[in-house]
Amino acid sequence: MRETQAICMEDVRRAAARLHGVAHRTPIYTSRTLNALAGREVYLKCENFQRGGAFKFRGAYNAISQLSPLQRSAGVVAFSSGNHAQGVALAAQLLGVPSLICMPDDAPPVKIVATRGYGAEVLTYPRQTTDREAFARDAAFERAMTLIPPYDHPDIIAGQGTAALELLDQVPDLDSLVAPVGGGGLLAGCAVAAHAINPNLRIFAVETEGADDLRQSLAQGHRVTVPPPSTIADGIRTPTTGKLTFPILKRHLEQALVVSDTAVLDTLRILLLRLKMVVEPTGAVGLAAVLGSMLPSDCQRVGVVISGGNLDPSLMALLWGQG
């Protein structure tokens, strides 16, 4: 395994071949209203329309499809607050592989229900007092199952990178790329693919306040761990980026931007009311930065990864209550 860059462009292309005809080639959404609000051309890569409702299916399928027959028969384990859980459960179901998903007890109920709906067994744990990775590793060891991590694995990173591969095929003349970042699998894979296609593309990560471990890590030159974030964007509540993903992000990113939960909620309202699009909070993080004029003014053709659409129905009341 490469230490400074876990994957290369060829890994992403091989992942795309495995996903061909299985994962959706998600659409690009544009809007004159959105462009006017942003003051630039915005192209949304809509992974909220991906199978399982998020980009996570890409990496999960890419990883599980490469397991040996013995590993497949024993099954897989994952730990996730929701979207990786659903991605692994769905990919495992399609490949005929048993799955056990370890989820925090405060995960959105809609995501727990969906995960079980894909045939997975779900084990919950208290988020604030449990090391989720250790919990999952113990479960994998006890059952002789293979652990499929949410982001810090070459096959996961390569699978997520296929989103950017598609985006730059659909809109080849972008000058910048924006995506949310938690553990970093999505953005690391997309950055490798994007810079292989266009080395001059400017790449920005977006986090929420209190979950800005990447911004702090880039400033200090090493991985920083923050307390468990309480952000509304549950998909990026990771306390630190991955060992494999951080060197990639450090190499490829121009900047890590930070938005407020309020800005994310405002963006969700715009997506729902003006664009008629259902997006979960994490999926709106990148667009919140664009609408907040946080990108340099010369970034005029911006690709934004809408990472997922698994919106917890309970958030609807919060959206209108603050309207």
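**Close-up views of a predicted model**

F57 is buried, and Y61 is buried as well.

View 1. In general, an α-helix has 3.6 residues a turn, so residues three or four places apart point the same way. The structure has two aromatic pairs, and in the one formed by F57 and Y61 the ring centres are 5.7 Å apart while the planes meet at 40°, so the pair is classed as tilted.

**View 2. The aromatic pair of Y125 and F135.** Y125 and F135 also form a tilted aromatic pair, with 5.3 Å from centre to centre and 45° between the planes. Because Y125 lies in strand β5 (residues 121–125) and F135 in helix α7 (residues 132–143), the pair ties together parts that are 10 residues apart in sequence. Y125 is buried, with a relative accessible area of 3%, whereas F135, with a relative accessible area of 27%, is partly exposed.

**View 3. The buried residues of helix α11.** In helix α11 (residues 245–252), the buried residues are T245, F246, I248, L249 and H252. Seen down the axis of α11, these buried residues fall within an arc of 160°, so they line one face of the helix. The elements against which the buried residues of α11 pack are α8 (154–170), α9 (185–197), β8 (202–208) and α10 (213–220).

**View 4. The surroundings of T282.** T282 is placed in helix α13 (residues 281–291), and it counts as buried because its relative accessibility is 5%, under the cut-off of 20%. When residues up to four places away in sequence are not counted, T282 touches P180, A233, D234, G235, I236 and S307. For one of these residues, G235, the backbone nitrogen lies 2.9 Å from a polar atom of the T282 side chain.

**View 5. The cysteines C8 and C46.** The structure holds zero disulfides. For C8, the closest cysteine sulfur is that of C190, and at 15 Å from the sulfur of C8 it is too far for a bond. C46 is likewise in no disulfide, and the cysteine sulfur nearest to it, again that of C190, is 14 Å away. As to accessibility, C8 counts as partly exposed at 28% relative accessibility, while C46, at 1% relative accessibility, counts as buried.

Definitions and conventions:
Residues are numbered from 1 along each chain as its sequence is written. This is a predicted model: local features need pLDDT of at least 70, side-chain atom pairs count only at pLDDT 80 or more; totals for chains, interfaces and linings use all residues. Side-chain values use heavy atoms; hydrogens and water are left out. Buried means under 20% relative accessible area, exposed over 50%, partly exposed in between (1.4 Å probe, protein chains only). Helices (H or I, at least four residues) and strands (E, at least two) are DSSP runs, numbered from the N terminus. The arc is that of the directions from the helix axis to the C-beta atoms. Contact means heavy atoms within 4.5 Å. A polar contact is a pair of N or O atoms within 3.5 Å; within protein, one must be able to donate a hydrogen and the other to accept it, and residues adjacent in sequence count only if both atoms are side-chain atoms. A disulfide is a pair of cysteine sulfur atoms within 2.5 Å. Rings of Phe, Tyr and Trp (its six-membered ring) pair if their centres lie within 6.5 Å; planes under 30 degrees apart count as stacked, over 60 as edge-to-face and the rest as tilted.
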